Amino acid sequence: MRTSRTVAFLLPITIIFGYFFLYPLVVLILTSLRGADGALTLNNYTLMLMDPYYFRAVINSLLLALATTLVSLVLSGVLAFFLARNEFFGKTAYFTLLTFPMSFPGVVVGFMIIILFGATGIVPMLMQWLTGERMLNIAYTILGIFLAYLYFEIPRCILALYGAVKEFDRTLEDAARSIGATPWQAIRYVVLPTLFPIFLATGALAFSTSMSAFGTAFTLANQFEILPILMYNEYTLSFKIEAACAIAVVIGLICVAMNTLNRFILEKKGR
């Protein structure tokens, strides 16, 4: 009786999972391995290393994701430490405001950057009023998309780091202080090494999100190429379906690797 109920429960889930996930994934991978003559080939993948146009998009994506991850971890770490170790009036509201951008879709974040740093944005117009020259018109540059990525990465990192800092055993820090360590030395040599796995796990998740973000990139990436936009253009404009599928697989592999690293670190930390 129990076996039949288990089968009755698992069978629909297995069918749905297979049809809506495994089947499209297999088709995606097989299409990425298909050449112009229909034969299996790795040319669509080697293209990303051999063709300067594709290779530049790969490098842009990796550098953008890495820079976003590192800066997000530093800023979020400072904010997480401050929030976890200080009580003040309005802390809940302040914390809510810091994490509020998580509720915005990527396209909305992109438009906010355009409003701030576009040709007629608030900041360039203000600079023109102050200096007579329109400056910081960076909305459609890689710096603009970097700021947009920070906008939605920092709240995620704060949420991930805040709990770890809050739960840190401060007796370890007090022990370091008792033997003559300064507050900074205690943080540098005791707190940060202890929390390093959490920072690493959070960084892996931030890197994955930055590599795969599309809405924000689609709104702002007009003057440079990154992998999500290149995949979209190859599929919809150039009709290079096989190349687009290969790019999708590469992005997916990177994201799966980062998410796996995140889960491995968190599970190991929890033991």
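Me: Rings of Phe, Tyr and Trp pair if their centres lie within 6.5 Å. How many aromatic pairs does this structure hold?

Reply: This predicted model holds 12 aromatic pairs. One of them joins Phe 82 and Phe 88.

Me: Why is the pair of Phe 82 and Phe 88 called tilted?

Reply: The ring centres of Phe 82 and Phe 88 are 5.5 Å apart, with 35 degrees between the planes. Stacked needs under 30 degrees and edge-to-face needs over 60, so an angle of 35 degrees makes the pair of Phe 82 and Phe 88 tilted.

Me: Why is the pair of Phe 100 and Phe 104 called edge-to-face?

Reply: The planes of Phe 100 and Phe 104 stand at 80 degrees, with the centres 5.0 Å apart. Over 60 degrees counts as edge-to-face, so that is the name for the pair of Phe 100 and Phe 104.

Me: What makes Phe 82, Phe 88, Phe 100 and Phe 104 buried, partly exposed or exposed?

Reply: The relative accessible area decides, with buried under 20% and exposed over 50%. Phe 82 has 39%, Phe 88 has 31%, Phe 100 has 44% and Phe 104 has 25%. Each value falls between the two cut-offs, so Phe 82, Phe 88, Phe 100 and Phe 104 count as partly exposed.

Me: What links Tyr 19, Phe 20 and Tyr 23 into a cluster?

Reply: Ring pairs link Tyr 19, Phe 20 and Tyr 23.

Me: Turning to the interior, what makes a set of residues a nonpolar core?

Reply: The residues must be buried, come from a list of nonpolar types such as Leu and Ile, and be joined through side-chain atoms within 4.5 Å. The largest such core has 46 residues. Ile 145, Tyr 149, Leu 195 and Ile 226 have the most contacts inside this core. Helix α7 gives the most, with 13 residues. In soluble globular proteins, nonpolar side chains tend to be buried together.

Me: Which residues does Ile 145 touch, not counting residues up to four places away in sequence?

Reply: Ile 145 touches Leu 64, Ala 139, Ala 217, Leu 220, Ala 221, Phe 224 and Ile 226.

Me: Why does Asn 60 count as buried?

Reply: The relative accessibility of Asn 60 is 17%. Buried means under 20%, so Asn 60 counts as buried. Asn 60 sits in helix α3. Apart from neighbours within four places in sequence, Asn 60 is in contact with Phe 224, Glu 225 and Ile 226.

Me: How much space lies in the largest pocket, and which residues are closest to its centre?

Reply: The largest pocket holds about 390 Å³ of space. It is lined by 18 residues, and those closest to the centre are Leu 73, Val 74, Gly 77, Leu 192 and Phe 199. Helices α3 and α9 give two or more residues each to this lining, and the largest share, nine residues, comes from α3. By class the lining of the largest pocket has 14 nonpolar, three polar and one charged residues.

Me: What makes a space a cavity and not a pocket?

Reply: In a cavity a 1.4 Å probe fits but cannot get out, whereas a pocket is open. The structure holds one cavity of 30 Å³ or more, and the largest cavity has a volume of about 30 Å³. Its lining consists of Ser 61, Leu 64, Tyr 149, Ser 210, Met 211, Ile 226 and Pro 228. Five of the lining residues are nonpolar, two are polar and none is charged.

Technical notes: Residues numbered from 1 in each chain as written. Predicted model: local features only at pLDDT ≥ 70, side-chain atom pairs only at ≥ 80, totals over all residues. Heavy atoms only, no water. Buried < 20%, exposed > 50% of the residue type's maximum accessible area, 1.4 Å probe, protein only. Helix = DSSP H or I, 4+ residues; strand = E, 2+ residues; numbered from the N terminus. Contact = heavy atoms within 4.5 Å. 1 Å grid on protein atoms, 1.4 Å probe; cavity = no way out; pocket = protein on both sides within 12 Å on 5 of 7 lines; lining within 4 Å. Points joined across faces, edges and corners; volume = space filled by probe spheres on them. Nonpolar A, V, L, I, M, F, W, Y, C, P; charged D, E, K, R; others polar. Phe/Tyr/Trp six-rings, centres within 6.5 Å; stacked < 30°, edge-to-face > 60°.
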